[in-house]
Structures are given as structure tokens and as C-alpha cells.
Amino acid sequence: MTRKCDLTGVGIMTGNNVSKSNRRTRRDFLPNLKEVSLKSDALGVNISLKVTANILRTINKYGSLDSFMVNYRVNKLTDEAKKLRNKIEKALVKKGEYENIKIIRKSSKKVEK
């Protein structure tokens, strides 16, 4: 059983325990994984995923799994998550709800003269 997030691929990191005398011993930093079942309104099914607590908070911020998958950065997703994202996008376009979920970001840079 791998300890990786199904959506972002966050896994085990390694580092050092550093004692007061500055002695270093190797250790593992484990991700805070949760097994959750999230409902996809576009697909109409429950999807069981192993996600980090951080991504679970981000999904809650976006409101739903569908909104998260459409609006989150594609280059941060795993290959399986990209396939799921494509399925959700196609289902949303077919239903005509894609424009309602997609968040269009405007440039926040203002040019003042």
C-alpha cells in the first residue's frame, strides 16, 4: 500500500532528526492521508480516494470535487487525476454546466500612471 495522495501525488519525504548536539539521523515525513468517498455530481457516482488533509480542505474551499478538478492546476495533478478531470469536464460540457463551475481568473495587476 503506497502512501501517496491519489490527486496530487504527495508522498513520503525524507530528512534528518537533528539533536541538540547537532547529530543527524535519518527519518521519514509521512503525509497526512485520509480515505474519503467524494460525490461527483457530473458523473453521478461516489469516488473513493486517498487524499491528504490539505487537499481535502482545498476541495471544501472549492465547494465540490467537480469544481476542484476543473479549477485546480493541471500540472499539479497525477495522471489518474488528469483522466478523472477529463471525464468530469466532458460530463459538465455535455450537461451545459461547465461555464457555471469554471472560475475565470482576472489579472490583478493594475497599471497606474
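**Around Lys-34**

So, setting aside residues up to four places away in sequence, Lys-34 touches Leu-49, Lys-50 and Val-51, where contact means heavy atoms within 4.5 Å. Before I go on: this is a predicted model, so local features need pLDDT of at least 70, side-chain atom pairs count only at pLDDT 80 or more, and totals for chains, interfaces and linings use all residues. Residues are numbered from 1 along each chain as its sequence is written, and side-chain values use heavy atoms, with hydrogens and water left out.

Lys-34 sits in strand β3, residues 33-40; strands here are DSSP runs of E, at least two residues, numbered from the N terminus. From Lys-34 to Gly-63 you go 29 residues in sequence and 18 Å in space, C-alpha to C-alpha.

Next, Thr-8, in the segment before β1 (13-18). Thr-8 has a relative accessible area of 17%, so we call it buried. Beyond neighbours within four places in sequence, its contacts are Ile-55, Tyr-72, Lys-76 and Thr-78.

And β1 itself? β1 pairs with strand β2 (residues 24-29), antiparallel, over six bridges; pairing takes at least two DSSP bridges between the strands. Met-13 has Phe-29 in β2 as its bridge partner.

Technical notes: Helices (H or I, at least four residues) and strands (E, at least two) are DSSP runs, numbered from the N terminus. Buried means under 20% relative accessible area, exposed over 50%, partly exposed in between (1.4 Å probe, protein chains only).
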